[in-house]
Amino acid sequence: MLAFGEELTGNDLKKWADWSIGFFYWSPSVSQVYAELKKLEDLELVRSRQVADEGVRGRRLYGITDTGLRALRNWSLEAEVDMPVLKHGVMLRLWMGHLHEPDHLKRIVHAHIENLREQARRAARHADRSEPEPGWAFTQMSLRWSQRYFEAEIALAEQLLEDIDGAAARYREVAAHDENELPVPRHPGIWRTVGED
């Protein structure tokens with residue numbers, strides 16, 4: 001964010017992360033922002049200066065250094081292209097769907113869809129509001145991608161609503177259960193080999 005030509009406070013960086021990279025990467029806490037700024041300043045990748053407006057408590061503004069800009073460019077050019085780390089709480093709950101009734105699982109998915117719709121709307125609104133700043137062309141592109149990502153996730157979630165019934169029928173009709181309604185494995189430990197390529 002400091003590579004966009006502005007000096008910013010830690011609070012500015014937090015707000016900007018919330019409305020931009022928070023859609024597709026991470027939205028740090030204020031304390032994390034300031035801890036990282038301190039580390040970056042110690043490494044001379046950013047610099048700071050104290051400013052005081054009349055009648056207002058002083059603020060510390062941070063800017064990127066030439067060394068920081070080189071490091072950022074090098075990382076962006078040379079870093080490996082990693083698979084995104086997916087931690088999907090809704091899917092984790094559905095993975096344990098045998099513990100619940102299908103209607104309960106569908107309520108979870110419906111709530112998830114509403115959250116996704118709101119995120120897609122927010123990403124679209126933030127992309128629209130990026131239009132006046134030509135230097136944010138790639139920021140706007142990333143926000144549009146985020147909007148499409150959430151819309152695709154909505155389609156996947158809507159398919160889950162149908163899939164839940166099929167999974168519940170198969171579990172109910174085919175799986176053996178113990179006295180706690182937990183599945184009795186036909187092939188204990190099969191999970192050790194099903195993922196092998």
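Predicted model: local features only at pLDDT ≥ 70, side-chain atom pairs only at ≥ 80, totals over all residues.
Residues are numbered from 1 along each chain as its sequence is written, and side-chain values use heavy atoms, with hydrogens and water left out.

**Salt bridges**

- Side chains of opposite charge can pair when their charged atoms come close.
- The count here comes to 9 salt bridges, taking a salt bridge as a side-chain nitrogen of Lys or Arg within 4 Å of a carboxyl oxygen of Asp or Glu.
- E36 pairs with K39 in one of these, with 3.3 Å between the closest N and O atoms.
- Both sit in helix α2 (residues 30-42), and because they are 3 residues apart there, about one helical turn separates E36 and K39. Helices (H or I, at least four residues) and strands (E, at least two) are DSSP runs, numbered from the N terminus.
- K39 is also partly exposed, at 47% relative accessibility.
- Over in helix α5 (residues 102-130), E114 and R117 are 3 residues apart, so about one helical turn lies between them.
- The side chains of E114 and R117 form a salt bridge at 2.9 Å, N to O.
- E114 has a relative accessible area of 43% and is partly exposed; R117 is partly exposed too, at 30%.
- R121 and E118 make a further salt bridge, at 3.2 Å from N to O.
- R121 and E118 also lie in helix α5, 3 residues apart, and are therefore separated by about one helical turn.
- R121 is partly exposed at 43% relative accessibility, and E118 is partly exposed at 34%.

**How the helices pack**

- Two packed helices are described by the angle between their axes and the distance between the axes.
- Here, axes are lines fitted to C-alpha atoms, for helices over the stretch in contact, and angles run from 0 to 180 degrees between N-to-C directions.
- Helix α1 (residues 10-19) packs with α2 at an angle of about 120°, and their axes are 9 Å apart.
- α1 and α2 are therefore oblique to each other; angles under 35 degrees count as roughly parallel, over 145 as roughly antiparallel, 65 to 115 as roughly perpendicular and the rest as oblique.
- The α1 and α2 crossing is right-handed, whereas α5 passes α6 in a left-handed one. A crossing is left-handed if the near helix is turned anticlockwise from the far one by less than a right angle, and right-handed if clockwise.
- The axes of α5 and α6 come within 8 Å and cross at roughly 170°, so α5 and α6 are roughly antiparallel to each other.

**Surface spots to look at**

- F24, Y25, W26, L86, W145 and Y149 make up a nonpolar surface patch with about 720 Å² of accessible area together.
- Y149 belongs to helix α6 (residues 137-174) and is partly exposed at 36% relative accessibility.
- R172 is also found in helix α6 and is exposed, with a relative accessible area of 54%.
- R172 and H98 are 74 residues apart in sequence, with 9.1 Å from C-alpha to C-alpha in space.
- Patches are made of residues with over 30% relative accessible area and no salt bridge, joining like charges within 9 Å and nonpolar side chains (Val, Leu, Ile, Met, Phe, Trp, Tyr) within 5 Å.
- Accessible areas come from the Shrake-Rupley method with a 1.4 Å probe; for residues, only the protein chains shown count as cover.

Key. Buried < 20%, exposed > 50% of the residue type's maximum accessible area, 1.4 Å probe, protein only.
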